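Have a look at the model below and keep it open while you read. We'll walk through it a piece at a time.

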Amino acid sequence: MSDRKLVTGIEGLDTLLLGGVPARSAFLVYGPPFIGKEQFVKNFSVECLRHGIPTIFITTDAPFTQLRDELTSLDSKYQSYETNGLVRYIDVYSMSIGVTEKDKYTEYVPSPMDLAAINLALNKAQQMVMGKHMHHLIVLDSLTTLITNTNAPTVFRFVQIMKGRAKSAGATTMFVMGAGVHSESEVQLFKGIMDGVIEFKEETRESKLYLRLQGFGETKSRNWIEYRLEKGTIDVTGAFEIGRIR
Amino acid sequence: MVNTNIVVLDEVLGSIPGGSTVLFLTEPTVEGDPFVYQAFYENIAAGKEGVIVALSKPPQYLLREFEEYGWSLERYRSRVVFVDCYSMLIGAPSDAEFIVKHPNDIKEIIETLEKALDSVEGGILAIPALSTLVDYCGEQSFVENLEKLKEIFKKATTTFVSFILWPYDEKTIEKIKDVDCLINIKGIEQRVVFGEYFEVAKARWLENIENRSIMFKVIKPGGVRVYIPKIIVTGPFHSGKSTFIHTLSTRAVSVDRLGTTIALDHGHVEHAGVSADIFGTPGQERFDPLLRTLSLNAIGTIVMVDSTRQDTFDRSKAMWQEVWKTGMPVIFLANKQDEPGALPPEEIKEMMRLPEEIPILPCVAKDREHVLKAFEALVDLILHRKEEEK
Ligand SMILES: Nc1nc2c(ncn2[C@@H]2O[C@H](COP(=O)(O)OP(=O)(O)O)[C@@H](O)[C@H]2O)c(=O)[nH]1
Ligand SMILES: [Mg+2]
């Protein structure tokens with residue numbers, strides 16, 4: 001993996017991104033549930049871990065143990081990433097439903113409304129991974145839950161701070177946001193401060209799936225590109241090179 | 001009399017006049033709430049009554065957090081009144097004395113707060129993370145009601161508030177800063193926040209304020225401690241450096257071979273509201289370059305003298321001269337005072353021809369009382385405490 005790009009592990013997407021997601025960028029993964037957004041987030045994180053890039057997961061919608069199970073089923077070596085100190089969890093879900101077990105890789109935050117506590121936990125997790133590594137990845141899944149628990153302006157301020165600090169720490173940050181939950185102006189607000197957006201959508205009439213890239217500096221195409229969901233991973237099938245052949 | 005019960009901060013502020021609001025203005029990546037907790041708890045423990053507002057978490061979580069710091073509010077539960085601005089947001093039950101039904105209605109919060117303060121006839125008011133209220137009610141509604149809120153604060157004996165500096169409108173922040181006493185809490189940031197400090201920006205009852213930045217650490221249990229990142233202990237071979245560090249430290253490691261320090265001694269001490277890291281230097285001359293490196297970034301030095309070994313006094317003095325150039329506070333310890341034939345400190349000072357202003361104290365490095373006294377003396381020098389302040 002080059003110093004400047006993080007390979008996503010999804011071939012067609014890496015070609016579109018001219019090698020991968022720019023390191024140290026903050027980007028949004030946006031789309032409705034169950035059509036590929038979740039697959040992308042997991043595949044990308046595991047790909048980074050395979051390349052030795054530490055990853056900090058901030059989970060607001062499920063206990064970290066669920067994420068751990070899902071990632072283990074994606075990559076049989078997942079446990080070794082944990083034991084090698086590459087994985088940190090900030091679990092913003094479990095305490096609110098009253099189930100927490102001590103885990104050496106996990107920091108709990110009592111409530112999705114306590115954004116300051118998330119920030120402090122993140123700083124602590126960063127201190128642990130940064131000593132030995134140049135880059136790291138931060139995954140915040142999801143902005144949607146934070147926004148529905150507070151409000152867009154509050155989360156926006158939080159993202160401003162988090163994004164700025166992530167950049168100076170040399171981190172790449174992936175924010176996940178659900179479509180169909182927020183008002184259009186809220187969506188634009190958050191898209192606006194990102195370095196890039198990967199957006200997923202479904203055309204129900206033709207029952208086809210499309211993805212699109214915005215921002216990210218130079219890319220091969222900014223059009224909607226067709227993809228398929230194959231065995232839990234994304235297969236970009238749309239032709240995007242054609243546009244270049246005049 | 002009301003204090004914050006945070007060392008050094010109390011020395012700067014003195015006792016806080018009645019009706020004052022003390023604001024801890026906090027950068028988002030450092031901890032300000034523990035200042036409010038500590039000030040509140042210590043005053044309650046000292047017999048006062050108080051009101052605490054739960055904004056971003058339920059009261060039972062707040063209680064648990066106090067517990068983690070080693071402060072059992074539960075024990076004084078009859079003197080503490082909770083205002084719960086959280087539970088109704090998530091539809092959870094609450095056994096708080098006062099429950100705000102619509103936490104995004106700032107008027108209801110103000111009314112409830114007033115009732116709560118009346119119920120304890122003043123008392124101490126604590127609002128950790130007041131900024132959460134801006135988030136609940138919106139910036140405009142918050143600003144419009146801020147003066148009213150500040151009026152309510154005056155009903156309390158003292159109000160302790162922390163406010164997190166998210167990127168709010170500058171005007172909002174200016175209005176927030178307009179209180180009796182303002183303490184900034186900041187991070188020393190380089191890629192991540194690796195140090196925290198506070199400084200008193202304003203206290204209406206003081207004519208002038210010393211311009212001082214004080215590093216701190218938040219410790220569980222323990223609370224806010226003034227933090228001294230580096231004290232070095234130097235002195236000749238066999239003078240008692242390792243012994244001193246081990247007696248002083250709550251945890252310590254030595255890299256020894258055959259009982260001699262070949263690399264570093266390192267210890268950590270928590271004492272009298274101060275938290276410090278201590279580093280010992282090897283005594284042998286071949287390690288002098290290491291002493292030079294170690295003294296970089298150090299904030300204070302202890303020079304050990306073996307009071308039974310006149311032949312090593314020159315060596316002690318040479319080691320002192322090595323660090324003296326940096327201008328950092330230094331004290332000498334005339335160690336092994338329990339041994340027959342140990343020379344008294346003043347005599348040693350004379351024999352070494354040390355400048356008058358350099359303190360030299362008697363010491364027995366195996367004795368915790370002696371060692372703590374020496375530590376306190378150095379800390380006083382480091383924190384520029386004057387005699388009359390003690
Ligand atoms: N009687 C007495 N012995 C001491 C005292 N301080 C240190 N020692 C002894 O002096 C020897 C050297 O101490 P050590 O701490 O290893 O010295 P260092 O070389 O400066 O680290 C050890 O045997 C200690 O037990 C003291 O205050 N009184
Ligand atoms: Mg030694």
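Where in chain B is the place of B:P221? Look in the loop between strand 9 (214-219) and strand 10 (223-234) of chain B. Keep in mind that this is a predicted model.

The peptide bond from A:D141 to A:S142 is cis, with omega near 15 degrees. A:S142 sits in the loop that runs between strand 7 (136-141) and helix 6 (143-149) of chain A. While you're in chain A, go on to A:F216, which has a positive phi of about 65 degrees without being a glycine. That residue is in another loop, the one between strand 10 (208-215) and strand 11 (225-230) of chain A.

Now for the place where the chains meet. Chain B brings 23 residues to the contact and chain A brings 24. Together they bury about 2,100 Å², with carbon and sulfur atoms giving 59% of that area. There are three salt bridges between the two chains. One of the bridges pairs A:D114 with B:K57, whose closest N and O atoms are 3.3 Å apart. Seven residue pairs are in polar contact across the interface. On the chain B side, helix 3 (59-68), helix 4 (87-90), helix 6 (131-137) and strand 8 (192-203) each supply at least two residues. Strand 8 gives the largest share, three residues. By type, that side of chain B splits into 14 nonpolar, two polar and seven charged residues.

Last stop, the ligand. Ligand 1 has 15 residues around it, and the closest are B:H238, B:K241, B:T243, B:D338 and B:A365. Helix 9 (residues 241-248) of chain B gives the most to this shell, with three residues. Oxygen atoms of the ligand come up against several polar atoms. A polar side-chain atom of B:T243 lies 2.5 Å from one ligand oxygen, and an N or O atom in the side chain of B:S242 is 2.9 Å from a ligand oxygen. With B:G240 it is a polar backbone atom, 3.0 Å from an oxygen of ligand 1. The protein covers 81% of the 580 Å² of accessible area that the ligand has on its own. As for the make-up of the shell, four residues are nonpolar, six polar and five charged.

Note on methods. Residues numbered from 1 in each chain as written. Chains lettered and ligands numbered in written order. Predicted model: local features only at pLDDT ≥ 70, side-chain atom pairs only at ≥ 80, totals over all residues. Heavy atoms only, no water. Contact = heavy atoms within 4.5 Å. Buried area = accessible area lost by both parts, 1.4 Å probe. Salt bridge = Lys/Arg side-chain N within 4 Å of Asp/Glu carboxyl O. Polar contact = N/O pair within 3.5 Å; in protein donor to acceptor, adjacent residues only side chain to side chain. Helix = DSSP H or I, 4+ residues; strand = E, 2+ residues; numbered from the N terminus. Nonpolar A, V, L, I, M, F, W, Y, C, P; charged D, E, K, R; others polar. Near = heavy atom within 4 Å. Areas by Shrake-Rupley, 256 points an atom, 1.4 Å probe, with all protein chains shown as cover.
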